[in-house]
Amino acid sequence: MRVTTRLVQVAAVLVAAAAAVGCGGSTGTGAGGHPGDAGPGDAGPDGVVGCGGCGCGNNPPQMVTLTAAQACQILEETYPLGTAGYGATCNQVCSYSQCELPQSYVTAVEALNPDAGPTPTDGGPRTLDCPTSPANVTISCVEVCTGRLTEGYRAPGGADGEGERLAAMAYLEAVSVHAFERLERELDAHMAPPTLLRAARRARRDEVRHTAMTTRLARRRGGSPRLPEPPAPARTRTLFEVALENAVEGCVRETYGAAQGLVEAQTSRDITLRRAMQSIAADECRHAELAWAVHAWAMARLGDDERLAVRRAMKDAIAEIAARDPRTASLLFS
């Protein structure tokens with residue numbers, strides 16, 4: 001079944017069942033690795049369905065001080081190495097939120113581990129050399145976002161009010177511009193089919209338009225959009241690294257974001273926002289299709305251990321979101 005068909009079906013069930021989906025997102029994959037089936041979360045403010053960004057009106061990110069050893073554990077459980085941390089240790093300290101580590105600490109770890117550590121054959125934690133100074137590291141516990149982040153970008157913080165929710169959404173759309181530009185370049189380097197390159201290029205153009213739309217919407221509602229800085233020149237990552245990021249950010253989060261957009265396009269009480277989301281959601285469905293197409297192409301070219309690591313990373317990302325909204329997870333990915 002096509003991803004878009006499943007997304008439309010899920011959105012229809014959510015709208016009919018309760019006309020409300022909670023702030024927390026949800027995603028998952030079934031044994032076949034594609035969106036599959038079954039239910040709604042909590043009501044959003046004023047009947048608006050789907051957050052479409054980070055924070056969702058919650059408090060700003062919680063700050064937690066860890067020992068250097070705990071921070072190292074988070075990085076040992078996270079693939080690829082970056083500021084966005086996941087895994088069992090992160091879940092213990094942040095209760096299924098994403099753990100954002102300071103860039104300075106991650107840079108220090110990267111300097112000690114130029115190859116970022118080998119991928120364990122069982123997909124579990126790897127062993128890294130980590131600095132012991134400073135003795136403590138302060139991290140942020142942030143909501144898992146919808147949309148496509150890419151390595152080197154942080155998720156926006158908590159959003160208080162509709163204007164700031166849309167400002168966070170505009171930030172994510174702008175990051176997606178860079179994410180798809182990088183995806184096209186790296187797919188080309190790994191000799192992907194021209195159809196995938198064209199789809200990534202079109203997705204980038206879509207995200208430029210989405211950024212402009214959501215920025216205007218945010219400003220009209222009192223928000224203060226903060227767009228990301230242009231990225232520094234980045235190396236071409238291995239196919240495994242590309243596949244890993246695409247699986248988590250595209251197949252998991254972006255697919256859920258598309259479902260959110262479809263529901264909000266039908267149920268938002270704000271007519272202007274509803275019309276904007278109708279356009280955005282249609283594009284995001286195509287982006288989800290692209291993510292799953294890239295996933296199928298890349299997985300066929302990875303080794304067994306790499307495929308296992310990708311599946312485990314997807315499972316972890318799904319669990320973080322599904323902890324808040326299990327019924328929608330079941331609807332999207334049985």
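Visitor: Which residues of helix H4 (residues 103-112) are buried?
Guide: This is a predicted model, where local features need pLDDT of at least 70, side-chain atom pairs need 80 or more, and totals for chains, interfaces and linings use all residues. Numbering runs from 1 along each chain as written, and side-chain values use heavy atoms, without hydrogens or water. Helices are DSSP runs of H or I, at least four residues, numbered from the N terminus; buried is under 20% relative accessible area, exposed over 50% (1.4 Å probe, protein chains only). In H4 the buried ones are Tyr105, Val106 and Val109.

Visitor: Is aspartate 283 buried or exposed?
Guide: Aspartate 283 lies in helix H8, residues 271-299. Its relative accessible area is 7%, so aspartate 283 counts as buried.

Visitor: Which residue's side chain makes a polar contact with the side chain of aspartate 283?
Guide: Beyond four places in sequence, aspartate 283 is in contact (heavy atoms within 4.5 Å) with Asp206, Arg209 and His210. A polar contact is an N or O pair within 3.5 Å, one able to donate a hydrogen and the other to accept it within protein; sequence-adjacent residues count only through two side-chain atoms. At 2.7 Å, the side-chain partner of aspartate 283 is histidine 210.

Technical notes:
Helices (H or I, at least four residues) and strands (E, at least two) are DSSP runs, numbered from the N terminus.
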